[in-house]
Amino acid sequence: MSTTHHGEDRVPVPPSDAQQFTTVCSYCSVGCGYRVFKWPQGQEGGPRSHQNALHTDFTKQQAERSGKWISPSMHSVVTEHDGRRYHVAVLPDSDCVVNNGNHSIRGGTHGSVLYGQDRPTADRLSYPLIYRGGNQLPTTWEEAIELGAHVIKTCLDTWGPDAIAMKFFDHGGGGGGFENNWAVGKFFFSGIGTQMASIHNRPAYNSEVFASGDAGVAALPSAYLDAELADTIFLIGANSYETQSIYFLEHMLPNLSGATMAKKQRLLPGEPHHPGKMIIVDPRRTSTVAIAESVAGKSNVLHLQINNGTDIALLNALSRIVYEQGWHDQAFVTNRTDNFDAFKAMNLTQDLNDAVRITGIAEAQLMQAATWIAKPKTETTRRRTITLYEKGLIWGLKNYENIASAVDLGLLTGNLGKPGTGCGRLGGHQEGYSRPAYPGKRPPVNVDEVAIKGGGSKVFWVAGCNPVGGTLNAQQFRLSLARRTTLVNQALDQTAGATTQEKAAAILKTVEEGGLFLIVQDIYPIETAKYAHLVLPAAQWGEMNLTSINGERRLRLYQKFMDAPGVAEPDWKIMAMMAKKIESLYRAEGKIDMASRFAGFDWKTDEEVFRAASVGVKGAQEDYGETTYAMLRTLGTNGVQTPVKEIAKGLPVGTTRLYENDGKFKFISASWPGFPSQVQQLMNDPRYPFWVNNGRANHGWQTLYDDARKPLVIGREPLPYVEIHPLDANTLGITNGDLIELFNPYGTVTAMAVMTDANRPGHVFMLFEHPRGWLNSLTTDYVDPATTIPYYKGTKAGIRKVGEMPGIKETVSFVPTNRV
Amino acid sequence: MSDLSRRNFFKLGAGIVGGACAASALTQIGQPSEAEARSTLATILPYPRTRLASLKELSVGKDLSRTYPDKFSPISLLKLGQKAINGVGPDQDIVAFSRYCTHMGGTLTYQSETGAYHCPLHYAMFDPAKGGLIVIGQATDNLPQLELEVDAKGDIYAIGVKGLIYGRQANILT
C-alpha cells in the first residue's frame, strides 16, 4: 500500500579534501546561499569531525538547526564527460546572510535533480533533436544549427525581422543570469531586430512593473534587513511562507516575534519600537496568514480577504484614509515627488463605501490597515512600513494601475529610502536582466495573438519556458501551435534525404502558407517541445558559471561544479553558435551589413559574457560596474548588493537600499476600472459560477520542470489540485481526491479536489502550473492594454465531477495546509 | 532511487562501514533473523528489534513517546483509528515516526485536531496516515517511518526505519 517516498537511510559524508564550491539556489527570488561538496565515488569521509569536510562528529545525534545535516535529497552521484563518477552534496550555507543555513523544500532538494543517467533526471536533453518522419531524432549541433540558421535567415530576408518570434527566459537564477540574458538579447535585438519578442511567462516584451518604473521606483528598492526593522510589513498578493519561504522565515517572522527588537534599537535609536505588525492582502486565508497570526498574535496580523481583482479600490481607499487623517508624509511629498495633484484628483476620490462594496473588506478593517501603515508613532516619528507585492497584484486586474496605486501609497507615506521601509516586488524569479534595448514600442505587441495565433511570424524560438501550459488562454495557444507546426511536419515528411538548404526551402514554402517552424531550447523535453522541429539541449545551473541578483539585489557567482549532460551547452553559447552561422551565411553572400549584425559572439568563457553584459545594466538597479568573477568568488554566498558604487581594495562596494540620498518620484494616477468584457461575460453566465484564483504553492517551482523529477514533490502533488470550499463541494457531490473538470468557453482542465475553508464559497484556487493539468487553459485572452500583462489571477469556470482516482487519493494528504 | 545506484550504494557502504552488512554485525544487536525476514527495507544498516509498547497501551489519537533505534532518537507511536499507510495491528492503524523534523530537526508534536505532526521551528506538517507525507513546509524528505510488527502477544516491535533521521549520517550511529 505504501507509495510514500523516503530517501536512503544513510548518506555519504564529504571527505576533508572534497572539492568545494559556492552557489545560490536556482529557484526563487530569495536566493539562499548554498555550498557544494564534490568528491570521487568510492571515497567517503569518516564519521569523526576531523575525518570529514563538514568538521562534524557524525557518531552523535546532531542538535536541531545544526546546519550540518545532509538530507538524502541534498545528495547525488553524477557522471562527468570523462565517465568519472562523483558524489555531490548541495547544502544550505550557514554563513550566508540571506538564509543563515535555512532552506526551503525547493532549494533544499537541488541534490535530487542533478543530472544522472540512473536517476529521474535521465530524460534531460543531451543532444539536439531534429524532426524526421514523425520522430524527433538525435542529431549533431552542426546540422541543428545549420537548419535553424537557414530557416531564420531566409525568413528574415523574405519577411523582415518580425517573421522571427521568440519567448525566452529573462530572469536570474537557473536557466538565466546576466550571461545568458545578454546573449539572447544581442541575438534577437541587435541581430534579428524583432518586435515579436515575449518574456517567458507573458505574451509580450514588457516590465511587470512598468508603473513603478514610470514612478521612478526600481522594482527591488529595499533590503531584507528592512523587513526586520519595519513597524509594519504590508504584503499584497503574496503567500510568502510558501513562495518566498526563507525571506518570510528568516527576516519577516523574527520581526513579528520580537526577535529583532535589539537590532531595531541599535540601528534606529531615539524612537519607540515594537514587534512588527503584518497586513496581508489575499483572497485566501493562506498558510502565511495562519503562521503570522501564530507568531505575532492575532491582534498584530490583519488579513484583508479581498475580492478578486479589486486591489486598486483597496489601495486608493487606504491612501484616502491616510490623507484625510493627515498621516501622509508631507515633507516627502513636497520634496521628492511630482504629480500629486493628479493623484489627489483621481486616487483620493475613491469613495469609501464603494471600496467596501467592491473589495468586500469592512470599513473598520480599512481603517485598521491605514493606521498600521501610516499613523505616526509619535508626533515626530513616522511609522516605518515596507510594502511588498507580488503576483497577486502584478497579475491581477489591472497591472498598470495595480502597481501604480501601491507605489502611490508608498510615496504618500514617505516609505522609501529609509531603514525599515520600501515599496517593491518580492520577486518570483531572481533577476539577471541585461540586454540591448527591445526594438518595439509601449504598449508592446501581444506576441501570442499577433505572431502565433494570428500567423504573423514564421519562426518561433522558445527557451526556458513552457507556453503550451504557462501562457494565458493556453488551450487556444496550444491548438494554434499544433495546427501550424503540423504543416511544417508535413512538408518535412516529403524531404527524406534532402540537404539542409532543400529542407529550408520546403519549410519556407510551408510557413508562407501558415506553417510555423518551432525551435525549443530547454533542459527537459517539456510539453512545448513535443511540437518542435528543433530541440536544443541547454546546460543548467551548476553546469556553467552564472551570475544573478536576488530580491535585495544581492549579486553572486553561481559556480559550475559539474558537466552538462551529453553535448548540452549554456544558452549563451547556443545563441552564439546560431549567430555565427547566420553571420557566415551573410558573409558568403557578400551582405556585410547583415553579417555585422550577427558579429561579436566570439566569447570564450562565461565571464567574458558577464563582462560584455555590464553595459546593459549601466545606471540600473543591477549595475555591477567593473565587478569580476574573481571578486565574486572572494565574496562567496554573500556577494554584493547592486548597484555597485565603486571597486575599493579590489572588491565591489554595494548599496544596501536604494534612494537613501537621492531619487525624485512621480505619482501615477489610478482608479479601479471595473472588469473587462471577457470577464464580465463569464460573470453574467450562470454556467460559470466559480471564481478561479490560482498560484504557486510551497512544494513546487513554476512549471514543476525539476519537481516532476523529485519523488518527494510529485508524490505530494501527483496531479494539480483545486481548493474548493466544503459547502461548494457538498453542492456538487465532490469530496477530497475526486477528479473534477473546470471549464469555460476558453478551455477545459482537470484537477484533483481538495476541500478547504481557505477560500470563500464560490471561489476556488488551483495550482497554476502542473504538467498534468494547466490552469491557464481557463484564463481569458484579456491583457491590460497599457502593459500587455494578462489578468492571470481571475477567471470564472463551471465545475463538474469526473470521478474518483483510485491509487492517488489514498496516497495524497488532505490535511489543511493553513494550520499551525 | 534506482537499482543501479542502490547497488553502488551497497558497494560503497560495505567498503566504508567495514562489514556492517555482514551477518556478524547484525547478530550483535536485537533479533536480526526476524528483522531480516520481515523488513521491507533495502538497507545495509543493522537495525535492532525493539519492543515499543503493547497494543493495550494505545488509545486512538494519543501518541506515545519512545525512542528508536537508540535513546538519542525520539519517536512517536500512534494509533490513528483509521487504516494508515504501513499501519500495523488489527486495524492496520498503528504507525510510528521519527519525532525529528526532516527540515532542521525541530521536535514534532502530534495534534489530533489536524491529524498531523507539527514542527514548532518552521511550521512543517506531516501526515501520519500517509506514510509521513509532508503536508506543507520546508522539509526535504517525508517523515521517516518505522517498520513495525506486532507479535502474537500484542507487543509492538520496531525493526527498522524508512528514510534518514534528521541529524544523522546513518540511522544507526557508529
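Helix H15(A) is mostly covered, since 14 of its 14 residues are buried. A residue counts as buried if 20 or more other C-beta atoms lie within 10 Å of its own, as exposed if 12 or fewer do, and as partly exposed in between, with C-beta atoms placed from the backbone. Helices (H or I, at least four residues) and strands (E, at least two) are DSSP runs numbered from the N terminus. H15(A) covers residues 399–412, and at 1.5 Å a residue its 14 residues should span 20 Å, which agrees with the 20 Å between its end C-alpha atoms. The expected span is 1.5 Å times one less than the number of residues in the helix. Just after H15(A), Gly414(A) adopts a positive phi of about 65°.

The model is predicted: local features need pLDDT of at least 70 and side-chain atom pairs count only at pLDDT 80 or more, whereas totals for chains, interfaces and linings use all residues. Residues are numbered from 1 along each chain as its sequence is written, and chains are lettered from A and ligands numbered from 1 in the order in which they are written.

**Overall form of chain A**

Chain A contains 26 helices and 29 strands. Its radius of gyration is 26 Å, close to the 28 Å that the globule rule gives for 820 residues, so chain A is as compact as a globular protein of that length. The radius is taken over C-alpha atoms, and the rule is 2.2 Å times the number of residues to the power 0.38. Along the principal axes, the C-alpha atoms of chain A fill a box of roughly 80 × 70 × 60 Å. Of the 820 residues, 63% count as buried. Among contacts in chain A with a separation of 6 or more, 76% are between residues 24 or more positions apart; a contact requires C-beta atoms, placed from the backbone, within 7 Å.

**Sheets of chain A**

Strands of a sheet pair through backbone hydrogen bonds, either parallel or antiparallel. Here two strands are taken as paired if DSSP finds at least two bridges between them.

One open sheet has four strands in the order E1-E2-E4-E3 (chain A), with antiparallel pairing. E1 (19–24) and E3 (75–79) of chain A stand at its edges with a single partner strand each, so one side of each has no neighbour in the sheet. Neighbouring strands of this sheet are turned by 30° against each other on average, direction ignored. Angles are between axes, which are lines fitted to C-alpha atoms (for helices over the stretch in contact), and run from 0 to 180 degrees between N-to-C directions.

A second open sheet has seven strands in the order E6-E5-E17-E16-E15-E7-E8 (chain A), with mixed pairing. Its edge strands are E6 (135–138) and E8 (197–199) of chain A, each of which pairs on one side only. The twist averages 20° from one strand to the next. Helix H1 (residues 141–159) of chain A lies across E5, E7, E15, E16 and E17 of chain A, at about 125° to E17(A).

E25 (residues 721–724) of chain A has Tyr721(A) and Glu723(A) pointing one way and Val722(A) and Ile724(A) the other way, and all are buried. In a regular strand the side chains alternate between the two faces of the sheet. Glu723(A) stands opposite Val754(A) in E27(A), and its bridge partner in E28(A) is Phe765(A).

| Strand pair | Sense | Bridges |
|---|---|---|
| E25(A) and E27(A) | parallel | four bridges |
| E25(A) and E28(A) | antiparallel | two bridges |
| E3(A) and E4(A) | antiparallel | five bridges |
| E7(A) and E8(A) | parallel | three bridges |

In two of these pairs, His75(A) stands opposite Ala89(A) in E4(A), and Phe168(A) opposite Ile199(A) in E8(A).

**Asn180(A)**

Asn180(A) lies in helix H2 (residues 177–192) of chain A. The residue is buried, with 33 other C-beta atoms within 10 Å. Not counting residues up to four places away in sequence, Asn180(A) touches Leu546(A), Pro570(A), Asp571(A) and Trp572(A).

**Contact between the chains**

The contact takes 55 residues from chain B and 50 residues from chain A. On the chain B side, H1(B) gives the largest share, seven residues.

Methods
Contact = placed C-beta atoms within 7 Å.
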